[in-house]
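Me: I would like to go through some labels used for this structure and ask what each one rests on.

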Amino acid sequence: MNSALSASPDLSSSRKLLKEGRYLGYNGLIFCQKCRAPLQHRITFGGKERIVPCLCRCQKEELEQQEQLIKEQEQMLYVRRLKAAGIQERHLQDWTFAAAADSPGIQMAKQYVENWKMAKEKNLGLLFWGDVGTGKSFLAACIANALLEKGVPVLMTNFSKILNQMGAMYSDERYRYITSFNLFSLLVIDDLGIERNTEYALEQVYAVIDERYKAGLPLIITTNQTIRQIRNPEDVSHARIYSRVLEMCTPIHIPGHDRRTAIGKSKQELVKEIIFSMF
C-alpha cells in the first residue's frame with residue numbers, strides 16, 4: 001500500500017513542490033504549516049483529475065493587506081491631487097480642525113462636514129460674516145481640507161483671483177471657465193466684497209454665483225460685510241449678487257476680535273524681548 005502511494009505521480013510531484021513552511025497532507029495535497037489550510041486542490045479537467053495550486057488563509061490575508069495598502073496609497077495620491085487643484089495657497093492647506101482650538105464655530109464646521117452628504121443633496125451653503133480677523137477664512141479652510149481628506153473635490157478661491165484669471169479671456173472662454181467650477185462638489189469663495197467694484201467685475205461675480213445656483217451645488221462664502229449691508233445693498237448690481245447668496249447660503253455670524261492684531265502684538269513683544277536681551 002505504502003509503495004503504491006509512493007509511486008503515485010500526484011505524491012511525487014507534490015513532494016517536489018515542498019518548501020519550508022509546507023507539509024504533505026494525508027490526502028497527498030500540500031498544506032501551509034502556519035494556518036494548516038491547503039495550498040492545492042483537485043479539479044477534473046478534460047476527463048482527468050489534476051492538482052492545481054490555491055491560496056491558503058495566510059496568502060489570502062496577505063493579498064488582502066497588499067490590496068488594501070495599494071488602495072490607501074491610491075487614495076493618498078488622489079487626495080494630494082485634489083488638494084493641489086482645490087487649495088493652491090500653501091498656508092490654507094495647514095488650516096485644519098487638528099490645528100483649531102475648540103469653539104462653537106469649529107463645532108458647527110465639523111457638523112457640516114459630518115453631514116456633507118445631506119448638505120450636498122439639499123444644496124446647503126454657508127455665509128460666514130463678521131469683522132476682519134475673526135477666523136472666517138480659517139473655518140472655511142477647515143471645512144475644505146476635511147472634505148478633501150474624504151476625497152470630495154473642493155475649490156477654495158476668491159473673486160480677485162478669479163477676475164485676474166478671466167482678464168484676457170473671450171466670452172466663450174469665460175463661460176467655460178465659470179462652468180468648470182461645477183467640477184468641484186463644493187466651491188468656497190473667500191472674502192466676498194474685496195474684489196474690484198466695477199460693472200464688469202460685479203457682472204462676473206454674479207455669473208459665478210448664479211452658475212453655481214443653476215447647477216444645484218453648494219457654496220460657502222466668507223465676507224467682512226455686515227449682514228445689514230448684505231440685506232440692504234447699495235445698488236442693483238450688489239442686490240442681484242447678495243439676493244442669490246442669501247438664497248443659497250445660511251448667514252452665520254463669526255464674532256470675536258481681530259486675531260491678526262493679537263498675533264502681531266505677540267510677535268512685537270517677542271522681538272523686543274529678543275533684541276533687548278542682547279544688550
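Reply: A charge sits over a ring if NZ of Lys or CZ of Arg is within 6 Å of the ring centre and within 35 degrees of the ring normal. In this predicted model, Arg 244 lies over the face of Tyr 213, at 3.8 Å from the ring centre.

Me: What sits over the ring of Tyr 206?
Reply: The charged end of Arg 240, 3.8 Å from the centre of that ring.

Me: Why are the rings of Tyr 177 and Phe 181 called edge-to-face?
Reply: Ring centres must lie within 6.5 Å, and planes over 60 degrees apart count as edge-to-face. Here the centres are 5.0 Å apart and the planes stand at 65°, so the pair is edge-to-face. The count of aromatic pairs by this rule is four.

Me: Why does Tyr 177 count as buried, and what of Phe 181?
Reply: Buried means under 20% relative accessible area. Tyr 177 has 16%, so it is buried. Phe 181, at 5%, is therefore buried as well.

Me: How do you know that β5 and β8 pair?
Reply: Two strands need at least two bridges. Strand β5 (residues 125-129) and strand β8 (residues 219-223) have four, in the parallel sense. Phe 128 is opposite Thr 222 of β8.

Me: What makes β6 and β9 edge strands?
Reply: The open sheet runs β6-β7-β8-β5-β9 with parallel pairing. Strands β6 (154-157) and β9 (249-253) each pair on one side only.

Me: Which helix packs on the sheet?
Reply: Helix α10 (residues 199-215), which touches β7 (186-192) and β8. The direction of α10 makes about 150° with that of β7.

Definitions and conventions: Residues numbered from 1 in each chain as written. Predicted model: local features only at pLDDT ≥ 70, side-chain atom pairs only at ≥ 80, totals over all residues. Heavy atoms only, no water. Helix = DSSP H or I, 4+ residues; strand = E, 2+ residues; numbered from the N terminus. Contact = heavy atoms within 4.5 Å. Axes fitted to C-alpha atoms, helices over the stretch in contact; angles between N-to-C directions. Phe/Tyr/Trp six-rings, centres within 6.5 Å; stacked < 30°, edge-to-face > 60°. Buried < 20%, exposed > 50% of the residue type's maximum accessible area, 1.4 Å probe, protein only.
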